[in-house]
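Reader: I have a model open and would like to go through it with you. Could you take me through its helices, its core and a few individual residues?

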Amino acid sequence: MTVSKRINEIFHNWDKEAYRAMHHPDYMFIREFEMVTVNDHIETLDQAMKDGYDVHKRWTTIHENDYVSELRWEEGNEVVTHVSLLKEGLLWRGFVNRAEKPEAA
């Protein structure tokens, strides 16, 4: 099973510890101007899921192989792209880009 499918299953039946197990011990999430540790990333996401965050219902897997996973979804007026580099089959580095949706022509 691919990483994105495993994560999707974890999100649909939110399981904080199963999500933690998907991360390499050296995981870092790079967000704008900060680097977030795996524990801080998981705690933030756990709270968002408890608050009803439903990103897993909106994302599309754009590309995935043994080294990278790319997910994309829309949030408000933004297109969000989340890229994860994989190491040893686990999430190793995470990056997010938020870009304003282009105006319809």
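Author: The answers below take up the helices, the core, the aromatic rings and some single residues in turn. Please keep in mind that this is a predicted model.

Reader: Let us start with H3. How many residues does it have, and how far does it reach?

Author: Helix H3 covers residues 38-50, which makes 13 residues. From its first C-alpha to its last it reaches 18 Å, close to the 18 Å expected at 1.5 Å a residue.

Reader: Which residues of H3 are buried?

Author: Val38, His41, Ile42, Leu45, Asp46 and Met49 are buried in H3. These residues lie on the same side of H3, because they cover an arc of only 130° around the axis.

Reader: Why would residues spaced like that point the same way?

Author: An α-helix has 3.6 residues a turn, so residues three or four places apart point the same way.

Reader: Which residue takes a positive phi although it is not a glycine?

Author: That is Glu88, with a positive phi of about 55°. Glu88 lies in the loop between E5 and strand E6 (90-100).

Reader: Is Glu88 buried or exposed?

Author: Glu88 is exposed, with a relative accessible area of 66%.

Reader: Now to H1. Which of its residues are buried, and what do they pack against?

Author: The buried residues of H1 are Val3, Ser4, Ile7, Ile10 and Phe11. They are on the same side of H1, because the arc they cover around the axis is only 120°. The buried residues of H1 pack against H2, H3, strand E3 (60-64), E4, E5 and E6.

Reader: Which residues touch the most other members in the largest nonpolar core?

Author: The largest nonpolar core has 20 residues, and Ile7, Phe11, Tyr19, Trp59 and Leu91 touch the most other members. Two or more residues of this core come from each of H1, E1, H3, strand E4 (68-75) and strand E5 (78-87).

Reader: What does Ile7 touch?

Author: Not counting residues up to four places away in sequence, Ile7 touches Tyr19, Met22, Trp59 and Leu91.

Reader: How many aromatic pairs does the structure hold?

Author: The structure holds 5 aromatic pairs. In one of them, the rings of Phe11 and Trp14 have their centres 5.3 Å apart and their planes at 70°, so this pair is edge-to-face. The rings of Trp14 and Tyr19 have centres 5.6 Å apart and planes at 50°, so that pair is tilted.

Reader: Which residues form the aromatic cluster?

Author: Phe11, Trp14, Tyr19, Trp59 and Trp73 form one aromatic cluster.

Reader: A change of topic: where is Glu70 found, and which side chain does it make a polar contact with?

Author: Glu70 is found in strand E4, and its side chain makes a polar contact of 2.5 Å with the side chain of Arg72. Glu70 is buried because its relative accessible area, 19%, is under the 20% cut-off. Leaving aside its neighbours within four places in sequence, Glu70 is in contact with Thr60, Thr61, Ile62, His63, Thr81, His82 and Val83.

Reader: Last one: what about Ser84?

Author: Ser84 lies in strand E5 and is buried, with a relative accessible area of 5%. A polar contact of 3.4 Å joins its side chain to that of His82. Not counting residues up to four places away in sequence, Ser84 touches Tyr67, Val68, Ser69, Leu91, Arg93 and Gly94.

Technical notes
Residues are numbered from 1 along each chain as its sequence is written. This is a predicted model: local features need pLDDT of at least 70, side-chain atom pairs count only at pLDDT 80 or more; totals for chains, interfaces and linings use all residues. Side-chain values use heavy atoms; hydrogens and water are left out. Helices (H or I, at least four residues) and strands (E, at least two) are DSSP runs, numbered from the N terminus. The expected span of a helix is 1.5 Å times one less than its number of residues. Buried means under 20% relative accessible area, exposed over 50%, partly exposed in between (1.4 Å probe, protein chains only). The arc is that of the directions from the helix axis to the C-beta atoms. A nonpolar core is a set of buried Ala, Val, Leu, Ile, Met, Phe, Trp, Tyr and Cys residues joined through side-chain atoms within 4.5 Å. Contact means heavy atoms within 4.5 Å. A polar contact is a pair of N or O atoms within 3.5 Å; within protein, one must be able to donate a hydrogen and the other to accept it, and residues adjacent in sequence count only if both atoms are side-chain atoms. Rings of Phe, Tyr and Trp (its six-membered ring) pair if their centres lie within 6.5 Å; planes under 30 degrees apart count as stacked, over 60 as edge-to-face and the rest as tilted.
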